[in-house]
Amino acid sequence: MKFRNLIALVITAAFALIILQAFTITPAAGEITLNEFGKADINNRTAQLYLNKSVNTDNKKVIYQESKNLESGSANIVTSVVANYRSFDTLGEITVLFLAAAGIGVVLNLENSKKKKFAADDSSLILNTGIKLLFPLLLLAGTYIFVYGHLSPGGGFQGGAVIATAFLLKMLSDNKFEIKEISITLVESTAGISFVGLGLYGLVTRGSFLENFMATGTVGQLFSAGIIPLIYIAIAFKVGAELTNIVKNLIEA
Amino acid sequence: MPLISSFLILIMLAAAAAALAFDDLLSSIIAAGLVSLTAAVLFYFLKAPDVAMTEAAIGAGLTTAIFVLALFKTERGKSE
């Protein structure tokens, strides 16, 4: 119990440090001026910096499969914003989802007396057979979506949701299929800890929370973009476990 | 392109109106799922495939399932 308290204290201190850091940042030199409506120069907008994948350095054109060691090496621009430029925001989003799952779990487990499962023994033959075929394919599709999140559309949230849907269908069709509470807890907390751990490692080595501390490689290759794929894998496992937990609670309540 | 968009938006509006109008709550939930599904297709045509995937997986898939489960748990099949 003591050790757990110590870890909680360390994490709280780290977050306090990050929040304090935000107050000491000085705004960049050169004030931002807004043009008239319709006359703005898009090349000076922040979105263009995201497209060129360099907020701090000079704007060079990004060439697929050729440009190397960019600031954010993911080919998918949405991913480079969601999991790199504003990944702290994403951590907050995941926490909101976690709180929702925890709340549903608490509310639905208040009455433990009458536990009957939703899936009847006579769930239809088509559903049973279909899910037997579809379950591994759905898992594969979900895994593809989040592993290739930095290259193609998709990412942690989508992949996690697809995986949760696969488990939902399996639970609906197969009455004997049961996921243990402990395994969901284990997956969920491991993913969360690794997300925060990656962030803290960036804080220690590069000086800001969740900074990309690995080489970003060539744009468009599977092993590129530094910590973005790792973050997305953590997000996918966390989201998948949380949504599966929500569905499982609803089915078993 | 505007033709497809307006067609999809019409479907969305019709499904949303149907979700409000149905007496049977299960039909309402299905209609609400149809709204999400059409929104997903619309997002895809608006060149936002990431949002489209999220909408299809969570909006059309999981939310509908969660609503249906909640409906059967509360054992209230009909509204007033």
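Which residues in α5(A) meet which residues in α6(A)?

Hi everyone. What you see above is a predicted model, where local features need pLDDT of at least 70, side-chain atom pairs count only at pLDDT 80 or more, and totals for chains, interfaces and linings use all residues. Residues are numbered from 1 along each chain as its sequence is written, while chains are lettered from A and ligands numbered from 1 in the order in which they are written.

Let's begin with chain A. It has 8 helices and 0 strands; here helices (H or I, at least four residues) and strands (E, at least two) are DSSP runs, numbered from the N terminus. Of its 253 residues, 31% count as buried, meaning that 20 or more other C-beta atoms, placed from the backbone, lie within 10 Å of the residue's own.

Now for the pair in my question. Helix α5 of chain A covers residues 125–147, helix α6 of chain A covers residues 156–173, and their axes come within 8 Å and cross at roughly 165°. The axes are lines fitted to C-alpha atoms over the stretch in contact, with angles running from 0 to 180 degrees between N-to-C directions. That makes α5(A) roughly antiparallel to α6(A), a term for angles over 145 degrees.

So who meets whom? On the α5(A) side, the residues include A:Leu127, A:Ile131, A:Leu138 and A:Phe146, and on the α6(A) side they include A:Gly159, A:Gly160, A:Ile163 and A:Lys170. Two residues are in contact if their C-beta atoms, placed from the backbone, lie within 7 Å. By class, this contact has 13 nonpolar, 9 polar and 1 charged residues. Ala, Val, Leu, Ile, Met, Phe, Trp, Tyr, Cys and Pro count as nonpolar, Asp, Glu, Lys and Arg as charged, and the others, Gly among them, as polar.

Next, the annotations. An unreviewed UniProt entry marks "transmembrane region" in chain A at several stretches, including residues 155–172 and 184–203; such annotations may be inferred rather than shown by experiment. In the model, residues 155–172 of chain A are 94% helix, with end C-alpha atoms 26 Å apart. Residues 184–203 of chain A are 100% helix, and their ends lie 29 Å apart.

Chain B has the annotation too, from an unreviewed UniProt entry, at residues 29–46 and 53–72. Residues 53–72 of chain B are 100% helix.

Finally, where the chains touch, chain B gives 14 residues and chain A gives 18. The chain B side has 10 nonpolar, 2 polar and 2 charged residues.

Note on methods:
Angles under 35 degrees count as roughly parallel, over 145 as roughly antiparallel, 65 to 115 as roughly perpendicular and the rest as oblique. A residue is buried if 20 or more other C-beta atoms lie within 10 Å of its own, exposed if 12 or fewer, and partly exposed in between; C-beta atoms are placed from the backbone.
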